[in-house]
Amino acid sequence: MKSSKEKRRFIILGLLPAFLLYAIFIVYPTINVFKESLYKTGGLSGNKTFVGLDNFKLLFTDAKFIRAFQNTVFLIVVVTIVTMFMAIVFASILTREKFKGQNFFRIIFYIPNILSIAVIASIFAAVYGMDQGLLNGFFKLFNPETYTNIPFLGDRKYVVYSIAFAMIWQAIGYYMVMYMSTMSQIPEQLYEAAKLDGASRIKQFFDITLPLSWQTVRTTLTFYIISNINIAFQLIKALTGGGPDGASLTLLNYQYEQAYTNSSFGYGLAIGVVVFLFSFILSAIMHKITNREITQY
């Protein structure tokens, strides 16, 4: 009995510092954001006026906020699906197939993840450049006389898709490595038995590789949905600044613009509350959708 109490006391004392730090630097600021979103303030002075839910009501009539919300949803859905799918496929190929240069491809895929957002933005500024960009130069090779350069970052029709491709390129390698670490632990005997039963490579992937890697896929999916919002903000801030004419704005970019450029601090925090709730709800939905019985070997 005494030993049990001492063990409980030790656990509490061990967790207390981490809990206090979490409460001070995470819980309190989050509560403060909710509170300050109910005020109208410039953020540069101590003067503020309580406006209740007026900041939130204004959001639903703000065309730029609606556009930023649409862009955020698009980037989360499309980028997450494509990134996860390609990372799983590449991980499966590099884990299961034996061919020359495997380690080289692993390094090449992972390199984008170690680059800073500023470097990635510089790379894609060169790729998407209007006059001397890599893509326009490549397309011009096939039709040099009549080809018209495409403003990938300067046209409202193309800019979000261009950002999405850059985000996919940056993230694939990291998640591919995570999936490879899981897939490499799957016993080879399972594949040999499936092969003897006549299962094709594709059937082996869906019946063995994916189910036994599902817990990792599920965890990384939730993680990437949350990090996707932050990565999009950083990349857009460095690459387009939200342009042209707000066409590439996301929720975090618009929040930054309102709070720190227009000094509408209360309104910006209201957008921050929407981002927080949206991320939380979306993560909960994905956690529920992807919930399934864990397959073990």
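**A helix pair in close view**

Guide: In this predicted model, helix 3 (residues 63-96) packs with helix 11 (residues 265-289) at an angle of about 30°, and their axes are 13 Å apart. Since angles under 35 degrees count as roughly parallel, helix 3 and helix 11 are therefore roughly parallel to each other, and their crossing is right-handed. On the side of helix 3, the residues that meet the partner are Phe 65, Phe 69, Thr 72, Val 73 and Ile 76, while helix 11 brings Ile 271, Val 274, Phe 278 and Leu 282 to the contact. Sorted by class, the residues of this contact between helix 3 and helix 11 comprise eight nonpolar, one polar and no charged.

A second pair can be set beside it: helix 7 (residues 159-183) and helix 9 (residues 201-239) pack at an angle of about 150°, with axes 9 Å apart, and helix 7 and helix 9 are therefore roughly antiparallel to each other. Helix 7 also passes helix 9 in a right-handed crossing, and the contact of helix 7 with helix 9 has 18 nonpolar, eight polar and no charged residues.

Ala 259 itself lies in helix 10 (residues 251-261) and counts as buried, because its relative accessibility is 7%. The C-alpha atoms of Ala 259 and Pro 29 are separated by 16 Å, although the two residues are 230 residues apart along the chain.

Conventions: Residues numbered from 1 in each chain as written. Predicted model: local features only at pLDDT ≥ 70, side-chain atom pairs only at ≥ 80, totals over all residues. Heavy atoms only, no water. Axes fitted to C-alpha atoms, helices over the stretch in contact; angles between N-to-C directions. Helix = DSSP H or I, 4+ residues; strand = E, 2+ residues; numbered from the N terminus. Parallel < 35°, antiparallel > 145°, perpendicular 65-115°, else oblique. Left-handed = near helix turned anticlockwise from the far one by under 90°. Nonpolar A, V, L, I, M, F, W, Y, C, P; charged D, E, K, R; others polar. Buried < 20%, exposed > 50% of the residue type's maximum accessible area, 1.4 Å probe, protein only. Contact = heavy atoms within 4.5 Å.
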